[in-house]
Amino acid sequence: MIKELTCICCPMGCALTVEVEGDKVVKVEGNTCKRGADYAVSEITAPTRVVTTTVISVQGRPVPVKTAVPIPKDKIFEVTEKIKSAEVSLPVNVGDVIIEDLYGSPIVVCAKVG
Amino acid sequence: MREFDLVIVGGGPAGMAAAIAAREKGLENVVIFERDHSLGGILNQCIHNGFGLHTFKEELTGPEYAYRYAVKVDELGIPYETGTMVLDINDKREVTIISPGRGVETVKAGAVVLAMGCRERPRGALNIPGFRPKGVYTAGTAQKLVNIEGVVPGRSVVILGSGDIGLIMARRMTLEGAKVKAVVELMPYSSGLKRNIVQCLEDYDIPLMLSHTVVDIRGKDKLEGVYVAAVDSKNVPIEGTEEYFECDTLLLSCGLLPENELSRSCGVVIDPRTGGAVVNESLETSIEGVFACGNVLHVHDLVDFVSEESARAGAAAADFVKNGRRTGGEQIKLIPGNGVRYTVPGTVDVTNVEQEVHIRFRVTGVFRNSSIVMTCGGSEVFRRRSRILVPSEMQDVVIKKEKLEGLSGEMTVEIRGE
Amino acid sequence: MYDVLIIGAGVTGCAAARELSKYQLSVCVLEKESDVCEGTSKANSAIVHAGFDAVTGSLKAKLNVRGNQMIPELSKLLDFDFAMNGALVLCFDKEQLPQLEELKQRGIDNGVKGLEIVSGDKAREMEPELSDEVAYALYAPTSGIVCPFEMTLAFAENAYANGAEFRLSEKVISIEKTPEGTFGVKTDKGLIETKVVINAAGVYADKIHGMVSERPMTITPRRGEYLLMDREVGGKVSHTVFQLPTRMGKGILVTPTVHGNLLVGPTADNIEDKEDTSTTRKGLEEVRAKGALSVKDLPFNKVITSFSGLRAVGDTHDFIIEETEVPGFIDAVGIESPGLTSAPAIAEYLRDIVGTILPLEPKENFISERRGVVRFSRLSPEEQNELIRREPAYGSIVCRCETVTEGEILDSIDRPLGATTLDGVKRRTRAGMGRCQAGFCSPRTMALIAEKLGIGIGEVRKNGCYENGKGGEGDA
């Protein structure tokens, strides 16, 4: 099948046409450099994202957190929901881990709060 | 009267970088005045990642990026006073500050670095007719409500303007359970980064309506909905194309304005194109010993560039305090030519350039397969070919001192097609 | 049982309450919104008119000139901003000179002092940014500008201090005349009994009137749209600049505001909906086009907000202030321009009508002065420091554009008839009224209101009523 993507490697924003068979990329068109092809392959075969959000601490103040590494793109909402239900008590500091492993990533605190 | 060698106005990324650079140049008596209760500025509410690729070679969230600089400020023992707002600066570099603890106080500064950042264009300036109900926020205000106050301002959202904050907030509101119905952009192209369009809109199937605008706001007390219409090539709404979107929240992401009230009060000359100060190669404003950097100078798209620029301002301010004003040599005046909206700096005195000078600017439109060309007195000083130049990305050109030596008069910066 | 119930807490109702609170009367002001000054009084040109406009002998003419004379002194007693900046009425065509002369004569007949017709050149000397097209101008030195919110709040707070009651967020449903000759006013919160009713309900005055009186009356909302510009360009003109009506219709004005902004407007469109305070693309275009006739290069890129207000236009072209055919039911209706200017004179006029129904015994302990929220930015550094020493919240700036401190915001919430909404805080302190239009300060202001009212930040309203009273959960 054919999938359309916009390359995000640079401001060119090349419109990529990607031919996929099963879960394999067989052809990338529309890219103007090598990076575009690489991007297409990773976006099609295993798209991942770093998720950033907040968790409301026991004391009521929001704490910014993120996945330490990118997680599968289709798990974003599940990850956000699990983070929301985590119990976090102030004070926290940058790098504190609030969840050890969520789809392969620890959830870490991004700011000093409290 | 307390006296400081260097007063830095604002403890965001620009102020912190300037303070660190000044201290590293050996200036001891430096202080940062920050109006919020902690350092970090706007980065504290920018919880998304993507910061620091240039500076730290890794992707950080805004608070993490700020934290690295705050740690450095602490390590260097640079004093900072939070909850402290600068009310006035005069041309003698006397700085009047206010805080709950110390009251109103005027301090003397050997040099001043202006690092107040920028603010968002409000609704009034956008000239959108309709009611003025609850539920209309600038994207940054909504960002603060969600990320700092922990309050999600609505459940169904329309966003006007596809600036990066608007795109980021489209994703943020979605992750907080709101339905973002559309991002509406007046221009035929987005002013945000491609990456944000893909990762904040396309990932969540949020439509981006280019060449559209909000033409009416409905709901007397609380926002009930907005009318969106297509615009013609002159950005005038086309009658009959109105579409109603029911929503309880309208976020505005329609541009940033350097916050230069203080600069004006001390007589700094402002460039109407940037909304920031006119500066020379040392990032010094028209007032001797007053420097400017970061978003108060011109709006940046990357914080890494803010930090780099501000470090130069801090170093130059330290040099000014220690060595006084260097005798002026020949001035090169930079002229924005074809396709170039402005340049920072506006003038270059080569004798004050140590090794190289950064020339930053934005282009006026999308240019493909073009060159950035700088010419002075008929000869070409710089040329760089680029596959694409877009207004949303600030250009940064570094020119070696030896290239500029012996030059004077006007140097034009322009974009030439191939 | 009240002696007097005033329906409507706009400038008319509040001025009347203050005037009546000088006497041994029990006075209550009833208001459907959660704050005073929520209707016509909050969105108008904020002009203290000299008094040359109204037909000689009309109530408008009399009360305008009297109000114009009263406001300077009241502004000192009650601590609201007022400046006598003078006005110029422009004509752009020599042939219009007779119209200008007619206006001047009418002013003289109405008792307006100091009117003078000046040449276009002289007008441009007085006001250098005026258009080259100006042929003549009528100069009215006694015209002024005022803060309409502060003025209304000042009347209300002073009335309150003198014992007047305010029932806010309470809406009239019906009014019954009792066999004893008193009134039973049924509201959404209960029944209020009163001997006298003053109908000062603005655009809704016809509805209130119709609950009691048989005589027909209609009030038409006439919408006026405005553009407000940054203080940076507030000095574009120093006088209030009117236009003689032209072939393009009724003119619009360009004026500095008492807080240093520049105001341009209003349009004048009769509409149906008494709640429709929206602005329109067409209306704002008209404001821009007509404003540009008077003043050169109006900086429309410095607009910080646009708004519209509704004038309550009656069917007689004059104020209607009288006891109706129903004894004890007094109308104060059709209070369109110059209603703001006339308010203190209308209050005296209403007092005299009340005096024909109830005995007026002056109070011995009437408090004639009132102090508003301190304006921190106007104090000397010594005064500022004294204030911060007493109350550190004054050392914390919340609104950067207008330099408003946390102390002022807390005072605006805590004081009698205090603010419960963002707009309420804004009108009392100017927080959020500057060039960023509350972008920076609203999260902090919302947090302060939420804390004071004991509600969540998300529940804080911009305006309007909390469903379960102040601090209710209705707005989650």
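Modeller: Happy to; what follows is a short talk about this predicted model.

Biologist: Why is C:Leu228 called buried?

Modeller: The cut-off for buried is 20 or more other C-beta atoms within 10 Å. C:Leu228 has 21 of them, so it counts as buried.

Biologist: Where in chain C does C:Leu228 sit?

Modeller: C:Leu228 belongs to strand β13, residues 220-229 of chain C.

Biologist: Which residues does C:Leu228 touch, leaving aside those up to four places away in sequence?

Modeller: Its partners are C:Asn261, C:Leu263, C:Val303, C:Ile304 and C:Thr305. Here a contact needs C-beta atoms within 7 Å. As for C:Asp297, 69 residues from C:Leu228 along the chain, the two C-alpha atoms are 15 Å apart.

Biologist: Now helix α11 of chain C: what makes it mostly covered?

Modeller: Residues 422-429 form this helix, and eight of its eight residues are buried. Among them are C:Leu422, C:Gly424, C:Val425 and C:Arg427. Each is called buried because the same test applies, 20 or more other C-beta atoms within 10 Å.

Biologist: What covers those buried residues of α11(C)?

Modeller: The cover includes α5 (148-161), β22 (404-405), α10 (406-414) and α12 (442-453), which belong to chain C.

Biologist: Which residue follows α11(C), and what is its phi?

Modeller: C:Arg430 comes after the helix, and its phi is positive, near 75°.

Biologist: And how is chain A divided?

Modeller: Chain A has domain 1 (2-46) and domain 2 (52-109). Their C-alpha centres lie 31 Å apart.

Key: Residues are numbered from 1 along each chain as its sequence is written. Chains are lettered from A and ligands numbered from 1 in the order in which they are written. This is a predicted model: local features need pLDDT of at least 70, side-chain atom pairs count only at pLDDT 80 or more; totals for chains, interfaces and linings use all residues. Helices (H or I, at least four residues) and strands (E, at least two) are DSSP runs, numbered from the N terminus. A residue is buried if 20 or more other C-beta atoms lie within 10 Å of its own, exposed if 12 or fewer, and partly exposed in between; C-beta atoms are placed from the backbone. Two residues are in contact if their C-beta atoms, placed from the backbone, lie within 7 Å. Domain bounds come from an automatic or database domain assignment.
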